[in-house]
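I've got one structure to walk you through, so let me put it up on the screen.

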Amino acid sequence: MSAAIKSIKSLAPLLDRVLVQRIKADTKTAGGIFLPETAVKELNEAKVLAVGPGIMDKKGNRIPLGVAAGDRVLIPQFGGSPLKVGEEEFSLFRDHELLAKINE
């Protein structure tokens, strides 16, 4: 039995999980030439949409996550739990699986 997810906003990650959406690469060059989808390489950059509250340590204190909603992060090429809502694709990663936070 699977539940249909109508909106990504209805998902709240648990524990140390982070909901991200991969940023799509530009399909247009600086000169204005459109590239086919097969020629565009998938980026390892994603935008954080939601984060869980964090995990508890042995003393019962909550350990906060290193990222927050709205941050840009580098994610591994493979891994995470893929989600599809309509035509949009999302992924759930654990906080420790994220490679880096992109500071602007």
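This is a predicted model: local features need pLDDT of at least 70, side-chain atom pairs count only at pLDDT 80 or more; totals for chains, interfaces and linings use all residues.

As for the inside, 23% of the 104 residues count as buried.

So what is the chain made of? Zero helices and eight strands. If you read the elements off from the N terminus, you just say "β" over and over: β-β-β-β-β-β-β-β.

Six strands make up an open sheet with antiparallel pairing, and the order across it is 6-7-1-2-5-8. Which strands stand at the edges? Those are strand 6, residues 81–85, and strand 8, residues 100–102. Each has a single partner strand, so one side of each is left without a neighbour in the sheet. And as you go from one strand to the next, the twist averages 40°.

Let me zoom in on one pairing. Strand 1, residues 17–22, runs antiparallel to strand 7, residues 88–94, and four bridges join the two. If you want a spot to look at, find Val18: across from it, in strand 7, stands Phe93.

That pairing brings together parts of the chain that sit well apart in sequence, and there's a number for the chain as a whole. Take the contacts between residues at least 6 apart in sequence: 63% of them join residues at least 24 apart.

Here's one residue I'd like you to click on: Leu15. You'll find Leu15 in the segment before strand 1. Its phi is positive, about 50°, although Leu15 is not a glycine. Buried, exposed or partly exposed? Leu15 has 44% relative accessibility, so it counts as partly exposed; the cut-off for exposed is over 50%.

Last stop, Gly66. This one is in the loop between strand 4, residues 62–63, and strand 5, residues 72–74. What does Gly66 touch, if we leave aside its neighbours within four places in sequence? Asp95 and Lys101.

Okay, that's my tour. Who wants to go next?

Key: Residues are numbered from 1 along each chain as its sequence is written. Side-chain values use heavy atoms; hydrogens and water are left out. Two strands pair if DSSP finds at least two bridges between them. Axes are lines fitted to C-alpha atoms, for helices over the stretch in contact, and angles run from 0 to 180 degrees between N-to-C directions. Buried means under 20% relative accessible area, exposed over 50%, partly exposed in between (1.4 Å probe, protein chains only). Contact means heavy atoms within 4.5 Å.
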